[in-house]
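Biologist: Hello! Could you walk me through this structure, one question at a time?

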Amino acid sequence: MSLPALAMLLVALAIMELLWRRIRRSKKSGAPFSGVAFDEFTAFLHGGKRVELDQRVTQSLMREEEQDGAPPRLVDLDRGVVFLNRPDGDSKK
């Protein structure tokens, strides 16, 4: 099968999937099959896309901790005070 024919097949699949969801009035979550197929088709043509897809999978499997991200440990909005942890272990306002 040639690449243009495969691309047209993917577009037809996307249209059929859209119509099927509208007929069934399905609101299910998750990636549609045609979206996954387009991602794989793009990954076949562009090597960088494969790295991006693998990174998405890795990121979705990682646990998100409350401590990850910004340095403030405690924010008191009532008093307008933020407590930060200093590298030497002392907490200061």
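Modeller: Gladly; from the N terminus on, the elements of the chain run α-α-α-β-β-β, where helices (H or I, at least four residues) and strands (E, at least two) are DSSP runs numbered from that end. This is a predicted model, in which local features need pLDDT of at least 70, side-chain atom pairs count only at pLDDT 80 or more, and totals for chains, interfaces and linings use all residues. Residues are numbered from 1 along each chain as its sequence is written, and side-chain values use heavy atoms, leaving out hydrogens and water.

Biologist: How many residues does helix α1 have, and what is its reach from first C-alpha to last?

Modeller: Helix α1 covers residues 3-24, which is 22 residues. The expected span is 1.5 Å times one less than the number of residues.

Biologist: Is isoleucine 15 buried, partly exposed or exposed?

Modeller: Isoleucine 15 lies in helix α1. Buried means under 20% relative accessible area and exposed over 50%, with partly exposed in between (1.4 Å probe, protein chains only). Because its relative accessibility is 48%, isoleucine 15 counts as partly exposed.

Biologist: What share of the chain's residues is buried?

Modeller: The chain has 93 residues.
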